[in-house]
Amino acid sequence: MQDQPNYDSILNELHKKYDDINQDTETHLEGLLHSKPITYWDYIHTDALLSLQIQRTTLPDEMVFIGYHQINELIFKMILWEIQQVAENEDLNTVFFENKLMRVSRYFDMLSTSFNIMREGMDVAQYNKFRHTLTPASGFQSAQYRLIEFASTELINLIDYRFRKTIDRNTPFEHALEHLYWQAAGKDYNTGEKSTLLINFEKRYKEEFITFMKVYNTKNLWSRFKELPEADQKNEDLVKAMRHYDYTVNVSWVMAHYNAAKHYILGEDGDGEATGGSDWQKYMHPKYQKRIFFPELWSPEELDNWGKDV
Ligand code: HEM
């Protein structure tokens with residue numbers, strides 16, 4: 001009997017856990033007798049995950065397009081997961097903040113360097129066939145990408161550069177949304193008319209976006225940074241991490257994306273038109289868009305030259 005493990009303490013803890021929620025410990029222990037041992041495929045839900053890549057055409061390279069977009073959405077989810085922990089931390093310090101920012105940056109670094117999977121990984125002629133079945137959809141309609149932006153910075157930094165001076169920081173959320181930089185991809189600014197790309201996107205996500213914008217208005221990464229004590233805001237490692245994140249998302253990823261778009265849309269078989277129908281060349285380049293999450297962390301010269309040296 002000496003070698004017999006002693007389960008008393010774990011049983012006591014279990015008993016306390018179930019007692020606290022008015023549950024019978026014995027019933028739960030009995031349930032364990034019949035529960036299935038876990039397997040990798042059940043835990044990861046491999047079958048469900050691998051059943052989601054559904055082509056609209058018979059062209060094999062469409063699978064690369066779908067698969068890579070889905071990988072991006074999964075990584076976007078992981079990024080939002082990390083940002084949320086900074087947003088909700090009640091005892092935020094520089095080490096935790098920097099650690100989370102570097103996690104998020106590593107994901108974005110990975111997305112930037114892997115963009116070649118898109119740029120080199122599909123046959124241009126095939127792309128220019130299957131893309132016609134995707135019109136008028138576009139990666140522009142990635143809601144998680146927009147959530148990452150809302151969660152990263154103050155709304156004023158996402159307002160179209162042309163309207164920034166005329167928009168009050170306390171403007172209603174709905175008004176701010178109408179003037180976000182990305183409206184330019186789906187709006188004719190002479191007539192104000194919205195494209196189908198934008199109409200569909202807003203019909204599906206507008207309410208969700210407004211709620212999220214409200215929640216993150218005071219919890220976005222920049223607001224949380226500004227809440228830190230002055231000395232912490234000067235912490236070199238943290239500032240470096242903030243700048244790295246800003247540059248990776250708003251220059252490296254944007255350029256990797258722009259170069260992939262150029263390769264297909266302006267390639268031999270391309271017709272120069274984006275599936276979403278935007279004036280994409282001008283819209284997508286960081287030197288025009290000038291989307292910067294943390295402008296106060298860059299010098300006037302760096303701000304002036306944003307996206308020009310790539
Ligand atoms: C061959 C690959 C790709 C091409 C040719 C391409 C092309 C474009 C174009 C032309 C736009 C501008 C809007 C429009 O008129 O459609 C756009 C926007 C966008 N795409 Fe892609 N894209 C590609 C891959 C991806 C991937 C893999 C993602 C990841 C989810 C993505 C996410 C986005 C996002 C988030 C926007 C909005 C960006 C912004 O507003 O600045 N795209 N894309």
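1. The structure is a predicted model, and the points below should be read accordingly. The face of α6 turned away from its buried side carries two exposed residues, Val-95 and Thr-113.

2. Helix α6 itself spans residues 94-113, a run of 20 residues. From its first C-alpha to its last it reaches 28 Å, close to the 28 Å expected at 1.5 Å a residue.

3. The buried residues of α6 are Thr-94, Phe-97, Lys-100, Leu-101, Val-104, Ser-105, Tyr-107, Phe-108 and Leu-111. Because they cover an arc of only 160° around the axis, they fall on the same side of α6. In general, an α-helix has 3.6 residues a turn, so residues three or four places apart point the same way. The cover over the buried residues of α6 includes α5 (62-88), α13 (230-233) and α14 (236-265).

4. Helix α5 also packs against α9 (residues 143-152), at an angle of about 20° and with the axes 10 Å apart. As this angle is under 35 degrees, α5 is roughly parallel to α9. The crossing of α5 past α9 is left-handed. On the α5 side, the contact involves Glu-73, Phe-76, Lys-77, Ile-79, Leu-80, Ile-83 and Ala-87; α9 contributes Gln-144, Tyr-145, Leu-147, Ile-148, Ala-151 and Ser-152.

5. Leaving aside residues up to four places away in sequence, Leu-198 touches Gly-186 and Lys-187. Its C-alpha atom is separated by 8.8 Å from that of Phe-140, 58 residues apart along the chain.

Note on methods. Residues are numbered from 1 along each chain as its sequence is written. This is a predicted model: local features need pLDDT of at least 70, side-chain atom pairs count only at pLDDT 80 or more; totals for chains, interfaces and linings use all residues. Helices (H or I, at least four residues) and strands (E, at least two) are DSSP runs, numbered from the N terminus. The expected span of a helix is 1.5 Å times one less than its number of residues. A residue is buried if 20 or more other C-beta atoms lie within 10 Å of its own, exposed if 12 or fewer, and partly exposed in between; C-beta atoms are placed from the backbone. The arc is that of the directions from the helix axis to the C-beta atoms. Two residues are in contact if their C-beta atoms, placed from the backbone, lie within 7 Å. Axes are lines fitted to C-alpha atoms, for helices over the stretch in contact, and angles run from 0 to 180 degrees between N-to-C directions. Angles under 35 degrees count as roughly parallel, over 145 as roughly antiparallel, 65 to 115 as roughly perpendicular and the rest as oblique. A crossing is left-handed if the near helix is turned anticlockwise from the far one by less than a right angle, and right-handed if clockwise.
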